[in-house]
Amino acid sequence: MASLSVPTRRPRVGTPTVRTLFDGPEFATPSPYLPRVRASGMTGEFTDVGSPAVGTEAGSDGTAFAMDPVTRASQIKDFVQGVEQRLRVACFDAVHVRQDAEEDLQDPTLSIAYPIRVATEEHWHRARRLALDRAAHPQDQIRLENLATRLQFEKDAWILIERVYGPRAFSQPHDLVSGLAGLDGIPADLNHFPNLRRCRILLEWLEVCEAACLDLEGGPSLAPFDDPAYQWAYSAEKLGRGAMDMDQPLRVVGPRSLGVKLENIEEMAEERINCAVFRLVRAGRLAAAQDLCRRINQHWRAASLGGSGSIWDFSCEGIRGGARKTWREVARTIAASRGSRMQAHERATYGVLSGVLEPILAVCSCFEDRVWARLCILVDGKIDSLAEAIQTDTPLSCVPDITDEEITEVLYQSVASQTSVEPHQEAVVGELNYMARRAIMLVGLGNVMQSGNAAFLIQCLTHLSQPKLAEEDQVTDPWSPRFAAHLALFLKYWASFSNISEGFEPLHAIVKNFCLHLVKANRAVERVSKAALDVQPIFYDMIAQYAAEISEADIIDVFATCMKEALYADVALSIPGRHVDVRRSICLATAGKHFSRGGRGLLGRLTYEAVWLIWSECIEAGEEEGTAEDDTEKDHAIIAAIDFFVYPGFEDQGESLVYCTSAARYFCLREKSISLRGLLAVVERNESIVGFVPGEQHLTYRHELDCWMAYMRAIIAHHRWNQFVLGQKPVAPTERQISEATAAPGEVPYDVQAAANIVLHGYKTNLKRFQSEVAVRRRQAVDTLRATLCYDGGWMCDIQDSEASNSTREEQLAEVRKQKVPLLVAMLSNIYASSQMHQDVMEVSNLVACDRYRLYREFGDADLESFLRQVAESSILFMQQKIDDENITRPYKNQIFEEME
């Protein structure tokens with residue numbers, strides 16, 4: 001019992017607003033809808049069954065929300081987002097059970113449809129009850145209503161699947177139109193009308209779904225049932241008995257028969273009654289509608305809804321079904337009376353009972369209502385044909401069944417007649433609204449459907465599996481891919497698609513789209529998260545379980561994308577000195593566990609496809625960004641992707657050689673020396689790559705990789721020598737310190753001279769150690785540089801036959817040689833020149849000009865001019881050293897040397 005001062009807002013029909021100032025006379029129980037009664041709160045205690053009470057702190061299901069508006073809004077948002085996650089887990093559990101018990105559990109309605117429907121129905125009840133909380137903020141309430149509407153659609157869809165394909169598929173449907181006509185009296189003969197049966201199943205389903213909504217809302221709200229407005233007592237009291245021609249109350253004679261206009265409060269009461277009666281009829285509860293009319297003392301209305309028997313009952317003239325036919329003609333006249341003052345919902349009610357479509361469509365507010373209305377008329381027309389055959393003793397087998405085209409036309413017309421925003425519009429926007437509803441209706445036709453309808457069903461599900469999101473909604477998690485995928489799995493398990501040439505391939509594509517959506521949605525959540533999220537191995541198991549339902553080619557596409565996103569996530573979380581490799585390892589382990597039955601071939605193709613995806617994205621992005629020298633996240637991804645080829649169970653060292661050398665060329669040509677060094681460092685640490693003995697097809701890549709390793713060793717050795725020379729050279733003492741240390745005894749104080757001697761001695765000791773270390777580092781750098789330039793087979797030269805070589809790779813190698821050979825030569829000559837070893841510089845020129853290595857071919861004009869200038873300078877300095885060391889008189893003074901200088 002709840003004390004309410006205003007009527008509860010009703011979905012679809014609404015509560016009329018009182019616009020009159022007339023309060024009426026005094027009654028023992030005045031109408032609670034009178035203005036003065038609402039203002040004073042004198043409404044008394046009555047049951048409002050239309051609004052279940054939902055507390056502001058917790059829902060009826062125990063879902064607790066805070067009282068603070070800001071916190072409450074955040075909790076509601078989390079609740080809405082969490083529903084999709086929970087439903088996803090419930091659906092996954094259903095598929096997992098189906099796969100594990102495939103031999104014992106053959107009915108997919110029990111293994112797929114039933115658990116999904118139960119989970120969806122549970123969340124729908126929860127969301128619907130929370131949406132009825134009047135204390136919630138309007139925006140939060142809209143969010144909950146949209147969620148409830150979407151869940152209602154899913155729940156109803158699985159209920160239909162259970163009804164059409166489940167154990168109840170062969171039981172008699174119980175729809176309103178057939179029940180009123182008594183059609184169940186001929187069950188044996190009705191087996192000749194399969195499409196009539198399908199239409200009745202759809203009708204029953206639509207009525208059951210509406211009844212579930214009505215029950216959750218608490219039923220029609222007409223309390224208090226002794227409201228004087230229901231008896232037209234205010235009009236009768238105002239007019240007085242003298243205004244009537246007979247000594248009977250107005251409610252017995254009827255106002256319209258006396259030309260009396262009801263008061264506004266009574267007109268609104270009439271509207272509430274008609275709306276409530278129509279909703280009960282829409283829910284297939286004609287008996288409940290009659291009972292409601294009796295409870296408000298409108299027995300005449302209850303009697304008018306009952307009809308006059310079934311098609312089997314005789315009239316007073318002895319005609320079978322005659323009374324029903326006469327009553328239907330009267331009801332049809334009432335429903336079609338456009339000029340009367342009869343309200344729309346009252347005409348619609350009689351339209352349902354007599355088979356008139358126009359008044360029903362006038363009050364339909366959504367797609368389901370329109371389908372129900374048209375199916376009612378379609379079934380009603382077929383019942384009339386059966387009744388006529390019974391009256392004329394014609395065999396029922398002579399009556400044609402409803403055609404597939406007629407059913408399809410009902411669906412098309414119902415979708416095409418949508419002119420306004422409907423309850424599902426926020427949840428299934430745009431084309432998803434159109435596709436989702438038509439898809440589930442086509443599924444409701446059963447296994448036997450036309451090829452065109454089956455093809456269009458696949459088209460609808462494919463569209464649902466690929467929702468188009470706006471840029472600002474990329475992080476959202478739409479429900480349609482999940483719904484389409486599980487519907488496709490159900491059809492794969494149960495429905496017959498022999499009339500589709502593609503077979504199960506379209507269904508596999510729908511499941512594949514769902515898997516790709518899961519991967520992208522999970523990655524999007526991790527991108528926007530401010531903190532690192534915990535890795536959930538069940539996510540990768542989920543992807544693998546669904547991938548097991550599709551073709552091998554689709555498995556490769558799906559799990560390669562999953563492996564790619566896992567690597568991206570690890571790279572994004574890695575920091576210098578801390579390499580994260582959690583998600584990729586779990587992903588690879590999951591793939592090895594689920595797809596090892598395909599042998600090394602499948603795992604190898606998974607690896608190859610994943611690396612190709614990563615490289616194609618990173619390299620294309622790198623080419624667009626320019627040649628900036630930095631250690632980017634995409635460079636890290638390129639390097640980390642190569643590890644896929646050396647993971648246990650996925651080993652393919654041949655491909656690892658190919659990708660390592662390709663990455664090295666890419667980094668080199670893009671002048672990303674830091675990334676190149678990081679790549680080669682990873683390779684050097686990886687024993688499976690370094691120790692790999694290649695076959696003939698990978699021999700040239702092995703040679704190239706060895707060239708890269710030699711190049712990196714030379715660069716590192718030169719860098720160490722250069723850094724040591726520039727940073728570790730001892731600081732020489734000042735001239736004052738030298739003079740103090742070498743001064744004669746007595747010229748400077750003893751302590752000053754001792755301190756200077758210590759400084760000078762330390763400098764000489766450090767200088768000797770420095771020169772020794774420099775010599776070692778110089779020798780290492782020189783050896784590695786010479787070894788690189790004189791590499792056996794030629795540095796970066798393709799040792800493979802030209803017929804089998806790759807032209808693009810050859811061009812890249814040629815470009816690498818033109819860039820790096822002059823650099824290596826310059827480094828070598830720079831070491832000699834800096835060490836005053838000018839004769840060795842001239843020997844470098846002999847190395848460049850040697851026909852064995854032909855390094856001169858890699859020099860451009862600018863590089864060659866710079867190198868020759870350095871050789872010339874070293875030649876002059878070398879001659880000067882010889883002259884100075886041997887005290888030789890400089891020949892040709894002021895002529896040749898001056899010109900050379």
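In the predicted model, the side chains of D541 and K593 form a salt bridge with an N to O distance of 3.3 Å, a salt bridge being a side-chain nitrogen of Lys or Arg within 4 Å of a carboxyl oxygen of Asp or Glu. D541 lies in helix α21 and K593 in helix α23 (residues 582-595), so the pair ties together parts that are 52 residues apart in sequence. Helices (H or I, at least four residues) and strands (E, at least two) are DSSP runs, numbered from the N terminus. K593 is exposed, at a relative accessible area of 55%; exposed stands for over 50% relative accessible area, buried for under 20% and partly exposed for values in between (1.4 Å probe, protein chains only). Residues are numbered from 1 along each chain as its sequence is written. As the model is predicted, local features need pLDDT of at least 70 and side-chain atom pairs count only at pLDDT 80 or more, while totals for chains, interfaces and linings use all residues; side-chain values use heavy atoms, with hydrogens and water left out.

Side chains of opposite charge can pair when their charged atoms come close. A second pair is formed by E552 and R605, whose closest N and O atoms are 2.6 Å apart in a salt bridge. This pair links distant parts of the chain, with E552 in helix α22 and R605 in helix α24 (residues 599-625), 53 residues apart. Both ends count as partly exposed, E552 at 40% relative accessibility and R605 with a relative accessible area of 42%.

E549 is buried, with a relative accessible area of 9%. The count for the protein comes to 38 salt bridges.

The packing of α22 against α23 was examined next. Their axes are 7 Å apart and the angle is about 160°; axes are lines fitted to C-alpha atoms, for helices over the stretch in contact, and angles run from 0 to 180 degrees between N-to-C directions. The two helices are therefore roughly antiparallel to each other, a term for angles over 145 degrees. Contact means heavy atoms within 4.5 Å. The residues of this contact divide into 13 nonpolar, 1 polar and 3 charged, where Ala, Val, Leu, Ile, Met, Phe, Trp, Tyr, Cys and Pro count as nonpolar, Asp, Glu, Lys and Arg as charged, and the others, Gly among them, as polar.

K382 is placed in helix α15 (residues 367-391) and is buried, with a relative accessible area of 12%. Apart from neighbours within four places in sequence, K382 is in contact with L196, V399, P400, D401 and I402. The C-alpha atoms of K382 and F193 are separated by 10.0 Å, the two residues being 189 residues apart along the chain. A454, in helix α18 (residues 451-464), is buried at a relative accessible area of 1%. The C-alpha to C-alpha distance of A454 and V443 is 8.7 Å, at 11 residues apart in sequence.

Positive phi values were found in loops. M796, a residue other than glycine, has a positive phi near 60° and is found in the loop between α31 (750-789) and α32 (807-834). M796 is buried, with a relative accessible area of 1%. For R854, also other than glycine, phi is positive and near 55°. R854 lies in the loop between α33 (838-849) and α34 (861-886) and counts as partly exposed at 39% relative accessibility.

For the protein as a whole, there are 35 helices and 0 strands. Of its 901 residues, 49% count as buried. Among contacts between residues at least 6 apart in sequence, 71% join residues at least 24 apart. The protein exposes about 42,800 Å², of which carbon and sulfur atoms supply 52%; accessible areas come from the Shrake-Rupley method with a 1.4 Å probe, and for residues only the protein chains shown count as cover.

Key. Angles under 35 degrees count as roughly parallel, over 145 as roughly antiparallel, 65 to 115 as roughly perpendicular and the rest as oblique.
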